[in-house]
Every structure is written in structure tokens, then in C-alpha cells.
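Q: I am new to reading structures. Please take me through this one, feature by feature.

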Amino acid sequence: ANDTDLGTDDTFLAFCDRHTIYEINDSALLYLEEKENRIVEIHFSVLRGQKCEVLKDLLEIRNELFKKGVQIIYGAVLKANRPLRRICEQAGMYWNGLQRVQERDGKRPFVFQCYAIDRRDLSVAPSPISLLNLGN
């Protein structure tokens, strides 16, 4: 069974064993799965119209994962889902150029883009005062 086929208790329990699940403000679910050492895949589902309300919580979860030693967070986002792509970008993720096409019988294919953030990409800019004092 795949991750979206949760029809049986055994399948659902196996899914829960592989994922850390966060519920955010009764409007979003976040599934995290450690893929390799310090690399985490994210699956995010949010109710329509609630994306702005969950950004603060997503940033807190992201920062907590980095504090725990996670190096890279990534996930596949439907190219057509502009609101979710924007939320990923607001959380510091970027499209890394990878995409996957999922064909569908008689329908337009789904195009998924890989969004990722590497802990090393988050840098703290020096304060303006320290920049002014560089020459002294």
C-alpha cells in the first residue's frame, strides 16, 4: 500500500510508525518522515484558506527540527498548487529544480516540484552596527 491508501488499520498504523505527525490549529496536518541521517521528507495538508494562519507554526517546527540536528527538509509540491508553493517559499524552502510527472489515465498529469531547505542556507546577517564598524 502507498501512503495515500490508509483504508485498513494495519496500513494506518504502519504509516504512523514511519511518520511524526503534527496537527496545527485544527486546520493543517504535517507528516515528517526521516529518510536518511538528518534528512526529513515533509508532507503537508492544509484546509483551503488557512495557509497564512499556519506559517508561524511551520516556522517553529522547522526551527525545532534544525535544533535537533536535521540538515535538510524537503517535500514534493504540486506545481499547480501556487498557495502551497508560496507557503514553502515563506518558510525558506525553494524549488531545487527537480520535478516528477505522475501520469493519469485520460487526464492531465500531475507535476510535482521538489521544495527543500538546507540548514546551512539559513544564515544570520550581522547587525547594521557591526557592518558600520568593519573598517575600524
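Q: How many residues lie between β5 and β6 in their hairpin, and which residue in the turn has a positive phi?
A: First, the terms. Helices (H or I, at least four residues) and strands (E, at least two) are DSSP runs, numbered from the N terminus. Two strands pair if DSSP finds at least two bridges between them. Now the case: the hairpin of β5 and β6 has 2 residues between the strands. Glycine 106 in the turn has a positive phi of about 70°.

Q: What kind of model is this, and which cut-offs apply?
A: This is a predicted model: local features need pLDDT of at least 70, side-chain atom pairs count only at pLDDT 80 or more, and totals for chains, interfaces and linings use all residues. Residues are numbered from 1 along each chain as its sequence is written, and side-chain values use heavy atoms, without hydrogens and water.

Q: Where is confidence lowest, and where is it highest?
A: pLDDT is the predictor's confidence in each residue, from 0 to 100. The protein chain averages 75, and 71% of the residues score at least 70. Helix α4 (residues 128–132) has the lowest confidence, at a mean of 42. Strand β6 (residues 107–118) has the highest, at 92. Over residues 124–136 the pLDDT stays under 50. For that stretch the model has 1 contact (heavy atoms within 4.5 Å) beyond four places in sequence.

Q: In which order do the helices and strands come?
A: The protein chain has 4 helices and 6 strands. From the N terminus on, they run α-β-β-β-α-β-α-β-β-α.

Q: Which sense does the pairing of β4 and β6 take, parallel or antiparallel?
A: Strand β4 (residues 72–78) pairs with β6 in the antiparallel sense, over 7 bridges. Isoleucine 73 stands opposite isoleucine 117 in β6. Strand β5 (residues 94–104) also pairs with β6 in the antiparallel sense, over 7 bridges. There, tyrosine 94 stands opposite alanine 116 in β6.

Q: How many bridges join β2 to β3?
A: Strand β2 (residues 28–36) and strand β3 (residues 39–46) run antiparallel, joined by 8 bridges. Tyrosine 31 faces histidine 43 in β3 across this pairing. Their hairpin has 2 residues between the strands, and arginine 38 takes a positive phi near 70°.

Q: Which residue lies over the face of phenylalanine 110?
A: A charge sits over a ring if NZ of Lys or CZ of Arg is within 6 Å of the ring centre and within 35 degrees of the ring normal. Here arginine 104 lies over the face of phenylalanine 110, at 3.9 Å from the ring centre.
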